Amino acid sequence: MAIRKSNKLPQHAVVLKQILKRCSSLGKKNGYDDDGHPVDVPKGHFAVYVGENRRRYIVPISFLAHPEFQSLLRQAEEEFGYDHEMGLTIPCDEVVFRSLTSSLR
């Protein structure tokens with residue numbers, strides 16, 4: 001009996017893929033290429049905005065696999081949603097964010 005491998009992504013992977021698509025398609029503004037991707041964000045990374053001052057951080061996509069970062073994304077969805085012009089905003093202190101991301105590297 002052959003074992004069939006499913007091509008279906010786990011639900012959390014589908015949600016994360018949708019988040020990335022929304023974040024990378026914020027529109028064609030200054031600093032964006034023809035596809036709507038920020039020109040200063042390297043391939044394999046995405047931008048987030050953190051803290052009261054909405055400081056911009058560029059983080060690797062690999063962070064999406066970490067439960068701690070996924071928790072931040074759930075908090076962002078609850079507080080801000082994902083459909084707004086500012087980009088993906090993370091609702092936590094910059095110090096906490098830097099501490100978390102430094103442990104994920």
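## A buried glutamate to start from

Glu94 counts as buried because its relative accessibility is 17%, where buried means under 20% relative accessible area, exposed over 50% and partly exposed in between (1.4 Å probe, protein chains only). This glutamate is found in helix α3. Setting aside neighbours within four places in sequence, Glu94 is in contact with Val50, Gly51, Arg55 and Tyr57; contact here means heavy atoms within 4.5 Å.

A word on the model before going further. It is a predicted one, in which local features need pLDDT of at least 70 and side-chain atom pairs count only at pLDDT 80 or more, while totals for chains, interfaces and linings use all residues. Residues are numbered from 1 along each chain as its sequence is written, and side-chain values use heavy atoms, with hydrogens and water left out.

## The chain as a whole

The chain holds 3 helices and 3 strands, and along the sequence they come in the pattern α-β-β-α-β-α. Helices (H or I, at least four residues) and strands (E, at least two) are DSSP runs, numbered from the N terminus.

Of the 105 residues, 33% count as buried. The accessible surface comes to about 7,500 Å², and 51% of it belongs to carbon and sulfur atoms; these areas come from the Shrake-Rupley method with a 1.4 Å probe, and for residues only the protein chains shown count as cover. Take the contacts between residues at least 6 apart in sequence: 44% of them join residues at least 24 apart.

## The sheet and its hairpin

The 3 strands make an open sheet in the order β2-β1-β3, with mixed pairing. The edge strands are β2 and β3, each pairing on one side only. Two strands pair if DSSP finds at least two bridges between them. Strands of a sheet pair through backbone hydrogen bonds, either parallel or antiparallel. For β1 and β2 the sense is antiparallel, over 6 bridges, and His45 stands opposite Pro60 in β2.

β1 and β2 form a hairpin with 4 residues between them, and Gly51 in the turn has a positive phi of about 85°. Glu52 is found in the loop between these two strands. Is Glu52 buried or exposed? Its relative accessibility is 80%, so Glu52 counts as exposed. Glu52 and Ile90 are 38 residues apart in sequence, with their C-alpha atoms 9.9 Å apart in space.

## Helix α3 and its buried side

Back to the helix that holds Glu94. The buried residues of α3 are Glu94, Phe97, Leu100, Thr101 and Leu104. They lie on the same side of α3 because they cover an arc of only 130° around the axis, the arc being that of the directions from the helix axis to the C-beta atoms. An α-helix has 3.6 residues a turn, so residues three or four places apart point the same way. The face of α3 turned away from its buried side carries the exposed residues Val95 and Ser103.

What do the buried residues of α3 pack against? Their partners are β1 (45–50), β2 (55–60), α2 (67–79) and β3 (89–90).

Leu100 is found in α3, which covers residues 94–104. With a relative accessibility of 16%, Leu100 counts as buried. Not counting residues up to four places away in sequence, Leu100 touches Glu68, Phe69 and Leu72. Leu100 and Glu68 are 32 residues apart in sequence, yet 7.7 Å apart in space from C-alpha to C-alpha.

## Helix α2

Phe69, Gln70, Leu72, Leu73 and Ala76 are buried in α2. Seen down the axis, the buried residues of α2 fall within an arc of 155°, so they line one face of the helix. The face of α2 turned away from its buried side carries the exposed residues Pro67, Glu78 and Glu79. Just after α2, Gly81 takes a positive phi of about 75°.
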